[in-house]
Amino acid sequence: MKKYIILFLSLILANNSHVLACSWYDPDEDYYNLFDQNLIADPSLSPFLLTYYSSYYEKPLEEGEVREVINYNIEEWKKFFDGKIVNADLNYLVYESTIGELSKILATNSFAKAPSELMHSEFLVEKGKAALEYLVFAKKCEQWATLNSSDDWTYSRKKMDKPAFMATAKEGNLLYAKTENKELKLRIAYQLVRLSHYGGFNDDAIRYFTTYVEPLGIKNLIYYYALEQKGGALFNQKKYAEAAYTFVKVFDNTPDRKVSSYNSFRIWNQLQFSDALKLCITPEEKAALYAMRGYHNFSNGLKEMENIYSVAPASAKIELLAVRELNKAERALMELGVNYGDTSSFLNPKTSLHSYLIKMIKFSEEAIKENKIKRVDFWKAYLAHLYFLNNQYAKAETLSKSIISTDKALIQQAKRTEFSSYLAGLNKIGIAEEDIIFSRFLKTTSTDERSFIYEVLGHKYLVQNDLAKAFLCHNNLSSLYANHDIKICNALIDFVSKKDKNSLENKLVKDQLGDEKSGSIALNDIKGTYYLFAGDYATALELFKKVPSDYSCLNNITRYNYNLASEETLDGFNGYGKISAKIFSNSVRFYFEDNEAKALTDLTFKDKAFYFITDQMNKQQLVESILQLQKLSVKKDEIGAMANYLLANYFFNITAAGYYRNIPYYEQGNYSIYSYYNNSGSDNPKPFEKLYNFNGFANRATLSFGYESAMNLYLKAEELSQNQEFKARSVFMASKCELETYHKKNEDLPYELSYWAKPWQLYSDTNRPMFARLKRYYSKTKFFTEAKTNCVYFKYYLNAR
Amino acid sequence: MNKKYNYLVGFLLLIYIFCACKKPHQKEVSFYYWNTQFKLDSTEKKYLSQLQVNNLYVRFFDIVKENGKIKPNAIIQIDTTHISENIIPVIFIENEVFRNTDNVSIDDLVDHVTKQIDFICQHSKIKLSNEIQFDCDWTATTAKSYFYFLKKYKEKKQQNIVSATIRLHQIKDKSKTGIPNIDKGVLMYYSTGNPLDFDDKNSILDNKTAENYISNISDYPIPLDIALPIYSWAIVKNEFSETKLLGGVQKRELADTSFFGEIKKDFYVVKQSNYLKGIYLYEDQKIKLETIFPKDLLIATKNIKKNGYKHSNRVIFYNIDAVNLDNFSIEDLNKISKSL
């Protein structure tokens, strides 16, 4: 009896997935929800609040909160036993006990060996015994009702045939005749209607309802359970209007069968709807019919609100549809992450939505004016929020302020709408405004509201060119790791050193930077890093001198090593220090997952001329080494050649193809930064002044290092050196730069033109002149053989000639 | 003229003579059947018999993943007592089913699928073909699991031929998405766009877009039948710019000008709220109608041939439904299949 299946609806349709691409995301988290849908008057309608995440809404639980689920059937049983048996025992009796246990009590009129849950004297008197007899019968029926519904594969399901049905029904008929208690008679009748319906004996189901259920004259929960089964039978008989009306009644009269009756409700055309409407007797039934049509996510809820208003203006169902429509508007207007589009739609309704909002506003204004609706305060709060969404901020504020109610949730809502309108309507954020905003932060408990405040505040700050505060509304300094934006760095440095910050400013510093001192160290590092990779080593050095030599900003991370098949801890680059001297090394071929020793084998940097390169460096030491190498690189001898070569290695290693490509981006490992290089917009991101705000700033990776500097330095090294092996290696390394430049230039080609389809392009004469050079001048060197062995493209190149 | 060139001309001539002597390749026409309840009406039966359809691809059930559980959905109910065609079961599997799914679960799935197909066949007393087809829009990340599923199913040797649908992107990006180890594939030459975009392109089949995907079709290492679309649908857009698909809508259903007004070719507005395909549409909602006509499919077959498609035996139309057959006469379908 616990598990029901909806057999009467063969409505499951083969979906369109065969011809559609699909994706998965949680659409309910993608917007700021500022209007509480749970403000509706009738909580039993709450499954029908708007959600796109699942079929029916469930109020999100606060931490530690447990969802209270009322089992209305058990409540009925409790009443039946005059409240003398606790829920847990009733639960055992109804759902867990076996036919054997119950039959034994009935046969022996005692509790010998009975489970303790069943030891209630009520079961030994006549009324209780009749209940047990009913439950024995119900448990026999259960197998047909659940039909192994826990198993979705139908091949293992049991099917009820006519003889099995007849036998069970006969037993039910006899029990119905014998039982005197009307409530139990109703339950037996319900079992018979359900049994018939699930067996596909629709005429029998309807007959049982007419002859067994109705004459009892009881309209309790079980009556509606039985009615729902009758609806299913009517539906199977294609009496769609009658079935729909039946489900309307169940929907309207049960607290726990609303969802199932809605699931079963189906109207195919206007005629059926009109017929169903004619069958509705009370205004509330008509309201339920409109609400059930309007509940469909695609429906125009406003039209159905108008329909309900015309027949039952005080119906709670209007509120349900109203909050759903408002929630749809919030989703359209306050979507997260919209600031990177061409034009921001945040709080900026499109024409069609704007005209819809105006219609919703008009409806609500009229409803308040005519005063036929039930809760004027609710409607005022609702209307105020509509004004807010429609950019009528002053009106929204005034109306919100006018609401006086004892309903705390409603007042809280009005305050939220009032403040949201105030904030959205501000032209300038000054000290006075910041005080008000700060005090609201202290008052609100809604995380969505806090995020919304930052969303709008960040925007307003950006508009008034308050870059530091705009940035801190959504970011801590790690957002600058992939994009060391100098304008923002400078603004932040000024902001951190600003004296007499107000409460909101202090909050921004505390939340995002920790404290002023650590903030300013981190900023000097980031700014220095900007100059380091911009090639202004002198300025970089000045800034790094302000950073403690043991500073670090990244924690050690663990990652899965596929070669070792185990987790390993990366004790490498920490954001500032622990940069390996191998940043000046190279190899013919490496894999990103190789460890440093395996990946980079060239040890030229160990030459005593480069004594200043230490095994591990911080950024200051790195800059100092680069400066030294630059000095040596002007020499026209072997040292000059090697200095150029080491600088070339450095430049190559920080490109997308280099082993240390993570260092500019403050990443520990070199393959978690893959996404930065796949960011197709990274070459030309939208200027930040044109963004709505800085939400998502961390994803704007703008760094991009070319291969030209490395290539030119390798060729200079070749030119300066007299050592054939060294020259060969330099030319080969130049060929790697050449390949990467080719990749970059051709990355957007369609497949058929790309090197995926035509791999020989990767070692053609046109695209690889350095291969030709290596072959022509250095084929006698040892390195030539090494390159031939370890570089597949080079091998192909040679084989093709 | 050099010697090499002479040989080439001679060789090409030989090929030409060889080809010219051969009878035109006779393509077998087939259909997909995609409804939950299997019942053929008289029009559908007429098409099947006059097009000499011997094999019908019937969707038996879908396999979906809900809250992490792999389960069947929309299992077919076969009401017809007599079906003269051989039935080839088609199982649609949501790509999600293979995301982060271990091999043990896939072994179980193979077992369930085998038993479920047997069950359906036994209960409906239908003639089974010696082929089965799996339909999954797999991607690079799910390829490994899906291919494992196919391998395991093949090992059961329930049918001689295991085929699978191949989508356009899987042809184009075969180096990324991989090639399943099956006996043959069916190229789904449709679904070129996202219908929910509500733009001017026909999302069912835009011939220009489709052609971009098949330039390397001749390299595809397994034999490919071709599936062509004959379906139509309407896309409705509401006040919040949300869109919804209504399957099987034809132009004539939008012809009543008291209910629908044509804004421009294939775009309509709802003038008066009313039901369409069981969905209540409200005044001012917009509708885009997408239909495929015989001429579109003739361009499609021309493009497929032009790109070096090595034909196999079958052309399968998606999908047989009296509504879809409105736009395609028996002669049209014959002509299209012969043009490939």
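Modeller: Happy to! Let's start with a word we will need: two residues are in contact when they have heavy atoms within 4.5 Å. Among contacts in chain A between residues at least 6 apart in sequence, 67% join residues at least 24 apart. Please keep in mind that this is a predicted model, where local features need pLDDT of at least 70 and side-chain atom pairs count only at pLDDT 80 or more, while totals for chains, interfaces and linings use all residues. Residues are numbered from 1 along each chain as its sequence is written, chains are lettered from A and ligands numbered from 1 in the order in which they are written, and side-chain values use heavy atoms, with hydrogens and water left out.

Chain A has 34 helices and four strands; these are DSSP runs numbered from the N terminus, with helices being H or I of at least four residues and strands E of at least two. The radius of gyration of chain A, taken over C-alpha atoms, is 37 Å, well over the 28 Å that the globule rule (2.2 Å times the number of residues to the power 0.38) gives for 801 residues, so the chain is more spread out than a compact globule.

Now for our part, helix H19 of chain A, residues 431-443. The expected span of a helix is 1.5 Å times one less than its number of residues.

Which residues of H19(A) are buried? They are A:Glu434, A:Ile437, A:Arg440 and A:Phe441. Here buried means under 20% relative accessible area, exposed over 50%, and partly exposed in between (1.4 Å probe, protein chains only). An α-helix has 3.6 residues a turn, so residues three or four places apart point the same way. The face turned away from the buried side carries the exposed residues A:Ile431, A:Leu442 and A:Lys443.

What covers the buried residues includes helices H18 (408-425), H20 (447-463), H21 (467-472) and H23 (503-513) of chain A. One residue of H23(A) is A:Lys507. A:Lys507 touches A:Phe438, A:Phe441 and A:Tyr454, not counting residues up to four places away in sequence. At 22% relative accessibility, A:Lys507 counts as partly exposed.
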